[in-house]
Amino acid sequence: MDRRQRRHQWERAAEPGLYAASLLFLAAYSVRVLVPGLSPGWHAFWAAVTAVTWAAFIADYLARLLLSDHRLRFARRRWLDLVVTVLPLLRPLRMIDTYDRMQRRRDHPRLALEARVMTYAGLTALLLGYAAALAVYHDEHHAPHADIRTFGDAVWWAASTLTTTGYGDATPVTSRGRVIGTGLMFAGVALVGAVVGSFSSWLMRRFRQDGDT
């Protein structure tokens with residue numbers, strides 16, 4: 001068995017565990033941000049969950065890198081994996097890579113595939129928006145002159161930013177909050193484009209089918 005086959009086996013075997021680790025990481029970060037006044041014991045517990053799950057992401061990336069025949073090529077082609085390993089709150093962005101690989105699989109995807117793309121993009125938008133709202137709320141709610149004071153404000157900001165609406169009634173004032181906002185805007189364009197493009201493709205195919213009948 002060559003390295004490529006071993007890497008594919010590793011990826012298939014590790015995927016369920018990484019999915020669970022991603023949910024645990026998000027849950028641990030959510031508790032630490034949204035639950036004020038945690039006891040030292042619970043704070044240490046959730047900090048340990050964060051550290052262990054993050055270590056699992058790093059171990060998975062390093063294992064796949066070591067199992068690759070051409071490691072530099074792997075790092076270049078799978079750059080998104082490195083980004084979400086360094087910044088685990090961005091793990092929902094891996095779905096964009098899934099969308100890209102699915103689109104290359106067929107020139108004329110079936111309805112089931114288009115529905116899957118829209119589902120993946122929608123879930124990615126929800127998870128990414130929630131993660132961004134958490135991160136911005138964590139940085140902003142104690143900042144001087146901040147507009148985002150509650151988690152509800154952060155969710156509203158994330159929704160308007162992700163959909164590129166941008167009402168402007170809630171905006172980050174910290175440097176990290178603005179960096180997160182910039183990234184969320186670019187992700188929103190990509191995710192909305194994936195959904196609209198897939199839906200448009202389905203509509204065009206249906207119109208062609210109706211025209212042929």
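Lys and Arg are counted here as positive and Asp and Glu as negative, and patches are built from residues with over 30% relative accessible area and no salt bridge, like charges being joined within 9 Å. In this predicted model, a patch of positive charge on the surface is formed by Arg 4, Arg 73, Arg 76 and Arg 77, and helix H3, spanning residues 71-77, gives the most to this patch, with 3 residues. Arg 77 is found in helix H3 and, with a relative accessible area of 63%, is exposed.

A nonpolar patch on the surface is made up of Leu 34, Val 35 and Tyr 130, which together have about 210 Å² of accessible area. Of these residues, Val 35 lies in the loop between helix H1 (3-34) and helix H2 (40-66), and its relative accessible area of 38% makes Val 35 partly exposed.

Across the whole structure, the search finds 7 aromatic pairs. The ring centres of Tyr 61 and Phe 74 are 6.0 Å apart and the planes stand at 45°, so this pair is tilted; the pair links distant parts of the chain, with Tyr 61 in helix H2 and Phe 74 in helix H3, 13 residues apart. Both Tyr 61 and Phe 74 are buried. Tyr 137 and Phe 151 form an edge-to-face aromatic pair, at 6.0 Å centre to centre and with 75° between the planes, and this pair links distant parts of the chain, joining helix H6 (residues 111-140) to helix H7 (residues 151-162) across 14 residues. Tyr 137 is buried, with a relative accessible area of 14%.

How values were computed:
Residues are numbered from 1 along each chain as its sequence is written. This is a predicted model: local features need pLDDT of at least 70, side-chain atom pairs count only at pLDDT 80 or more; totals for chains, interfaces and linings use all residues. Side-chain values use heavy atoms; hydrogens and water are left out. Patches are made of residues with over 30% relative accessible area and no salt bridge: like charges are joined within 9 Å, nonpolar side chains (Val, Leu, Ile, Met, Phe, Trp, Tyr) within 5 Å. Accessible areas come from the Shrake-Rupley method with a 1.4 Å probe; for residues, only the protein chains shown count as cover. A salt bridge is a side-chain nitrogen of Lys or Arg within 4 Å of a carboxyl oxygen of Asp or Glu. The place of a charge is taken as NZ of Lys, CZ of Arg, CG of Asp or CD of Glu. Helices (H or I, at least four residues) and strands (E, at least two) are DSSP runs, numbered from the N terminus. Buried means under 20% relative accessible area, exposed over 50%, partly exposed in between (1.4 Å probe, protein chains only). Rings of Phe, Tyr and Trp (its six-membered ring) pair if their centres lie within 6.5 Å; planes under 30 degrees apart count as stacked, over 60 as edge-to-face and the rest as tilted.
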